Amino acid sequence: MTSTAPLALTMGDPSGIGLDLTISAWRMRKKLSLPEFIFIGNKDALLSRAKLLNQDIDVIDCQVDDVFKHFNQAIPCLNLPCSKEVITGTPTPDNAQTILTSIEKAVELTNSGATSAVVTNPISKAVLYDAGFKHPGHTEFLAELAKMPDGEVPLPVMMLAGPELRTVPVTIHIPLMQVMAHLTTDLIIKTSEITYYDLKYRFGVEHPRLAISGLNPHAGEDGALGHEDAEIIVPAIEALKAKGINVTGPLPADTMFHEDARINYDVALCMYHDQALIPAKALGFHDAVNVTLGLPFIRTSPDHGTAFSIAGKNIARHDSLVAALKMAAKMSEIQHSKGA
């Protein structure tokens, strides 16, 4: 149960498994002690998917103020029209605007305080690109929506958070060959500072411990396998230590994720996408959560995609969505308690 406002749950791509997960999670709401949410998306698509899944549910058109009153009887829904009929497993760019409007509305409600956090169902970037979407991914679009009055866009930091490991990629959705064009000492420092702040004020880690990976094999092997670790990463670590942040590294990425190593830090910062996401997903594929740090609002998401091929087949697991909902509610409570 949420203690303040309900969560805003976006629709995601309505042809994917987001609707399956929403229905499955809500049906298990009492057993799972699920926090209350309002579904922002197409009501007819949700009801049609429930029929396909042979699940008996109610969906009620609802404003945020009435979510707590209705949640145990029906899925509260802020209904959005789709331009084209939703076909399970067959996405269309014709519905891209509704997908994006769902995200925009969730951010608007959360920024206003009507909802306590944004939880996003999976989207397909390829489908959105076909409709003219200009952002590399969900994370960057949310950062644009969080633009400050002076036009400054906050730096979004992606964290994969599971029961056994939290990881942060310093560079995110770019090709591997472009990593060195983007990786800088300043970016490592800013990413680390944002991570430290959110661990403290949204996760309740009183004295966060950061472990920073190297870029090259064996963190460069004293220059034998590359100079970037010494020239880019070490200065960042020294600067962070000077700011009073508990940080270690650069650590060889191949030895920093085993069980004994993980007890020495609260989060691992890695230099590129797969270096961070492979261990996170290997250790918590079904219940890891994608969290965006550095935004003025809390955002979590399941750590998987739209899975069009299994949509509507009653086999999609709701574990990650449930974990995302619970984590968002807990983060909101901690942030509220700390007055952050």
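Biologist: Which side chain does Lys281 meet in a salt bridge?

Modeller: Side chains of opposite charge can pair when their charged atoms come close. In this predicted model, the side chain of Lys281 meets that of Asp303 in a salt bridge, at 3.7 Å from N to O. Lys281 belongs to helix α11 (residues 273-284), whereas Asp303 sits in the loop between β12 (299-302) and α12, so the pair ties together parts that are 22 residues apart in sequence.

Biologist: Is Asp303 buried or exposed?

Modeller: Asp303 has a relative accessible area of 5% and is buried.

Biologist: How many salt bridges does the count come to?

Modeller: The count comes to 15 salt bridges. One of them joins Glu164 and Arg262, whose closest N and O atoms are 3.0 Å apart. This pair links distant parts of the chain, 98 residues apart: Glu164 is in the loop between β6 (157-161) and β7 (166-169), and Arg262 is in helix α10 (residues 259-262). Glu164 is partly exposed, with a relative accessible area of 45%, while Arg262 counts as buried at 14%.

Biologist: Which residue forms a salt bridge with Asp266?

Modeller: Asp266 meets Arg209, with 3.2 Å from N to O. Here too distant parts of the chain are linked, 57 residues apart: Asp266 lies in the loop between α10 and β10 (267-270), and Arg209 in strand β8 (residues 209-213). Asp266 is buried at 16% relative accessible area, and Arg209 is partly exposed at 27%. Salt bridges can also form a network, as with Lys200, Glu206 and Lys338.

Biologist: Let us turn to the nonpolar residues. Which members of the largest nonpolar core touch the most other members?

Modeller: In soluble globular proteins, nonpolar side chains tend to be buried together. The largest nonpolar core here has 92 residues, and those touching the most other members are Phe37, Phe39, Met159, Ile188, Phe203, Ile212 and Val291. Helix α12 (residues 319-338) gives the most to this core, with eight residues.

Biologist: What does Phe203 touch, not counting residues up to four places away in sequence?

Modeller: With those neighbours set aside, Phe203 touches Met159, Arg166, Asp198, Val291, Leu293, Met327, Met331 and Ile334. There is also a second, separate core of 13 residues, with Ile172, Met256, Tyr265 and Ala268 among them.

Terms used
Residues numbered from 1 in each chain as written. Predicted model: local features only at pLDDT ≥ 70, side-chain atom pairs only at ≥ 80, totals over all residues. Heavy atoms only, no water. Core = buried A, V, L, I, M, F, W, Y, C linked by side-chain atoms within 4.5 Å. Buried < 20%, exposed > 50% of the residue type's maximum accessible area, 1.4 Å probe, protein only. Helix = DSSP H or I, 4+ residues; strand = E, 2+ residues; numbered from the N terminus. Contact = heavy atoms within 4.5 Å. Salt bridge = Lys/Arg side-chain N within 4 Å of Asp/Glu carboxyl O.
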